[in-house]
Amino acid sequence: MDEKDHRDTVRLSPLERATLAEIEEGLRHDHVEPDPPPTPARRSWLPLSIVLMLICSVFLAVVGYRTSQPAVLWCFAILWPLTVLQAVRLVRRWMKAGGRGRITSWF
């Protein structure tokens, strides 16, 4: 069915037209504020946290290997993927800052 034909067949009451006009007016004025750019203080925590997590991961891996304690090995198993995830976030941030855009579609 053509758009013009569809408009001719639909009749709105005055109350429905007024409601529709209010909704459309609200949508015209509705806009999303962009996120503020990251401050230097916000940026400096991610590399520091990655370094600390990496140090802890290496320590837990060495201690877990030497003692074979299950608790230490489980702590390493939990901390290592988190460290890698944070490192990926840092690489993505550096790539965006360089103007190269996204690495893959799911990032």
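Is valine 62 buried, partly exposed or exposed? With a relative accessible area of 46%, valine 62 is partly exposed, where buried means under 20% relative accessible area, exposed means over 50%, and partly exposed is in between (1.4 Å probe, protein chains only). Valine 62 sits in helix α3. Its C-alpha atom is separated by 9.6 Å from that of valine 72, ten residues apart along the chain.

The structure is a predicted model, in which local features need pLDDT of at least 70, side-chain atom pairs count only at pLDDT 80 or more, and totals for chains, interfaces and linings use all residues. Residues are numbered from 1 along each chain as its sequence is written, and side-chain values use heavy atoms, with hydrogens and water left out.

The protein chain holds four helices and zero strands, and its elements run α-α-α-α from the N terminus on. Helices (H or I, at least four residues) and strands (E, at least two) are DSSP runs, numbered from the N terminus. Of the 107 residues in the protein chain, 10% are buried. The accessible surface of the protein chain is about 9,400 Å², and carbon and sulfur atoms account for 65% of that surface; accessible areas come from the Shrake-Rupley method with a 1.4 Å probe, and for residues only the protein chains shown count as cover. Among contacts in the protein chain with a separation of 6 or more, 47% come from residues 24 or more positions apart, a contact being heavy atoms within 4.5 Å.

Confidence is given as pLDDT, the predictor's confidence in each residue, from 0 to 100. The protein chain has a mean pLDDT of 80, with 70% of its residues at 70 or more. The lowest confidence in the protein chain is in helix α1 (residues 3–9), with a mean of 59, and the highest is in α4, at 90. Residues 101–107 have a pLDDT below 50, and this stretch has eight contacts in the model beyond near neighbours in sequence.

Helix α2 (residues 14–29) contains both glutamate 25 and arginine 28, which are three residues apart, about one turn of the helix. Side chains of opposite charge can pair when their charged atoms come close. Here the side chains of glutamate 25 and arginine 28 meet in a salt bridge at 2.7 Å, N to O; the term requires a side-chain nitrogen of Lys or Arg within 4 Å of a carboxyl oxygen of Asp or Glu. A search of the whole structure finds one salt bridge. Glutamate 25 is partly exposed, at 35% relative accessibility, while arginine 28 is exposed at 59%.

Next comes helix α3 (residues 40–67), where tryptophan 45 is found. Tryptophan 45 counts as exposed because its relative accessible area is 58%. Together with Leu48, Val51, Leu52 and Ile55, Trp45 makes a nonpolar surface patch of about 530 Å². Patches are made of residues with over 30% relative accessible area and no salt bridge, with like charges joined within 9 Å and nonpolar side chains (Val, Leu, Ile, Met, Phe, Trp, Tyr) within 5 Å.

Serine 57 is also in helix α3, but at 1% relative accessibility serine 57 is buried. Apart from neighbours within four places in sequence, serine 57 contacts Phe76, Leu79, Trp80 and Thr83. Serine 57 and proline 81, 24 residues apart in sequence, have C-alpha atoms 9.6 Å apart in space.

The loop between α3 and α4 includes serine 68. Most residues other than glycine have a negative phi. Serine 68, although not a glycine, has a positive phi of about 60 degrees. Serine 68 is exposed, at 53% relative accessibility.

Helix α4 (residues 70–97) has 28 residues, which should span 40 Å at 1.5 Å a residue, and its end C-alpha atoms are 41 Å apart, which agrees. The expected span is 1.5 Å times one less than the number of residues in the helix. The buried residues in α4 are Val72, Leu79, Thr83, Gln86 and Leu90. Threonine 83, in helix α4, has a relative accessible area of 3% and is therefore buried. Not counting residues up to four places away in sequence, threonine 83 touches Ile50, Met53, Leu54 and Ser57.
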